[in-house]
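Hi,

Here is the structure I promised to pass on. Please open it first, then read my notes below.

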Amino acid sequence: MQSEYQHLIDLSDYPVSWWRKVVELGEEIKRDPKRFAHECDGKVMATLFYEPSTRTQMSFQTAMIRLGGQIIGFDNPANSSVSKGETIKDTTKIVSSYADILVIRHPIAGAAKAASLTADCSVINAGDGGHLHPTQTLTDLLTLKIEKKSLSGLTIGMCGDLINGRTVHSLCKALSMFEDNKFVFISTPELRMPAYIKDIIKANGSTYEEVDTLEEAISRLDVLYMTRIQQERFASEEEYLAQKNTYVLDRKKMQLASKDMIVMHPLPRVDEITVDVDDDPRAMYFTQAKYGVFARMALILTMLRDKKPSETLRGKVYPGVSCGNPRCITNHEHYLPKSFRSSRDETLLECEYCDERKLI
Ligand code: NCD
């Protein structure tokens with residue numbers, strides 16, 4: 001299924017050369033933002049935020065304003081027709097006829113993909129449940145390019161809620177496409193990186209290992225990417241409390257790290273990094289959030305300039321087969337075609353919206 005517009009649902013929709021170009025444009029904008037101040041004069045961006053956000057929403061809005069464009073949208077669906085039961089399809093159809101570019105964040109996996117099926121403008125995924133967060137990844141790539149001078153040959157530790165953290169899913173998919181990157185996943189057994197991400201890493205020729213403590217990994221890392229335990233994605237308070245406070249990066253642990261290691265975090269921070277780490281020159285999370293504006297300016301410009309149509313659904317509908325993930329958009333918005341990618345012998349299906357696998 002082809003859309004007339006260019007969308008960004010997952011970074012893997014584009015070749016590495018495309019991301020490199022967006023990152024390079026981000027660097028150029030950072031050097032001289034004023035040069036781009038009128039690039040989006042007369043353009044409108046809509047931000048549909050069905051889930052709380054500070055940085056992603058405001059950095060997108062700032063990015064568009066700094067490019068000369070205007071913004072519309074909501075950050076509380078209770079104040080929109082969503083509260084009256086409007087579907088993503090209808091909201092998207094209407095808002096995309098008002099705007100040139102639509103940015104959507106939603107608590108359910110695959111929601112941005114669903115929006116791209118009916119939108120009459122470009123759609124950008126600003127986070128879909130615990131699934132993906134490609135624009136945070138662009139921000140992270142820009143940060144690495146500026147601060148580590150390379151996107152290859154890095155040992156990256158990812159720590160915390162690796163099962164529910166959409167930022168680390170997208171970042172693994174992206175960094176494994178560059179040469180010679182190694183991943184060290186630091187989590188409890190309950191919060192390990194999903195199998196499908198580990199398979200992508202292997203298929204891309206990168207390597208990973210899994211450890212239980214920060215102490216056994218930190219001294220070997222070029223980058224430590226900390227994440228928050230995603231309370232809102234746990235089935236019960238009890239399960240969340242069992243994981244809370246397991247990993248806390250403090251000054252003492254920072255002494256074990258190399259002097260060149262940088263600490264990244266998509267933010268918000270809860271208690272996984274103590275505030276006394278903030279003054280350490282290796283703490284890069286506030287700078288990273290600042291770079292998010294340049295990354296998003298580069299992305300908006302690229303999407304509006306290129307206008308290459310996107311392929312939205314590439315898979316197949318299998319009569320009677322639906323996705324087994326209760327947090328997949330196809331189990332919430334029932335008009336959506338339940339489309340799956342398949343293994344060659346069609347015994348393994350992968351939902352095209354949320355990547356959940358199913359044996360048939
Ligand atoms: C992240 C998100 O929303 O996934 N935040 C962000 O976009 N900067 C991380 C998080 O909420 O923990």
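**Tryptophan 19 and its surroundings**

Leaving aside neighbours within four places in sequence, tryptophan 19 is in contact with Leu11, Ser12, Tyr14, Leu141, Lys173, Ala174, Met177 and Phe178. Keep in mind that this is a predicted model. Tryptophan 19 sits in helix H1, which runs over residues 16-31. Is tryptophan 19 buried or exposed? Its relative accessibility is 1%, and under 20% counts as buried, so tryptophan 19 is buried. One of its contacts is polar: a polar atom of the tryptophan 19 side chain lies 3.3 Å from the backbone oxygen of tyrosine 14. Now look along the chain. Leucine 299 is 280 residues away from tryptophan 19 in sequence. In space, the two are 9.4 Å apart, C-alpha to C-alpha.

**The ligand**

Which residues surround the ligand? They are Arg55, Thr56, Arg105, His133, Gln136, Arg166, Thr167, Arg228, Gln230, Pro266, Leu267 and Pro268. By class, this shell has three nonpolar, five polar and four charged residues.

Threonine 56 has a polar side-chain atom 2.9 Å from an oxygen atom of the ligand. Histidine 133 also has a polar side-chain atom by a ligand oxygen, at 2.7 Å. Leucine 267 uses its backbone instead: an N or O atom there lies 2.8 Å from a nitrogen atom of the ligand. On its own, the ligand has 310 Å² of accessible area, and the protein covers 94% of that. Two elements give two or more residues to the shell: helix H2 (55-66) and H6.

**Serine 170**

Stay with H6 for a moment. This helix spans residues 166-175, and serine 170 is in it. Serine 170 is buried, with a relative accessible area of 3%. What does serine 170 touch, leaving aside its neighbours within four places in sequence? The contacts are Leu132, His133, Pro134 and Thr137.

**Helix H3**

Last, turn to H3, residues 88-95. Its buried residues are Ile88, Thr91, Thr92 and Val95. They cover an arc of only 95° around the axis, so they lie on the same side of H3. What do they pack against? The partners are strand E1 (44-49), strand E2 (70-74), strand E3 (101-106) and helix H4 (111-118).

Best wishes

Technical notes
Residues are numbered from 1 along each chain as its sequence is written. This is a predicted model: local features need pLDDT of at least 70, side-chain atom pairs count only at pLDDT 80 or more; totals for chains, interfaces and linings use all residues. Side-chain values use heavy atoms; hydrogens and water are left out. Buried means under 20% relative accessible area, exposed over 50%, partly exposed in between (1.4 Å probe, protein chains only). Helices (H or I, at least four residues) and strands (E, at least two) are DSSP runs, numbered from the N terminus. The arc is that of the directions from the helix axis to the C-beta atoms. Contact means heavy atoms within 4.5 Å. A residue is near a molecule or strand if one of its heavy atoms lies within 4 Å of it. A polar contact is a pair of N or O atoms within 3.5 Å; within protein, one must be able to donate a hydrogen and the other to accept it, and residues adjacent in sequence count only if both atoms are side-chain atoms. Accessible areas come from the Shrake-Rupley method with a 1.4 Å probe; for residues, only the protein chains shown count as cover. Ala, Val, Leu, Ile, Met, Phe, Trp, Tyr, Cys and Pro count as nonpolar, Asp, Glu, Lys and Arg as charged, and the others, Gly among them, as polar.
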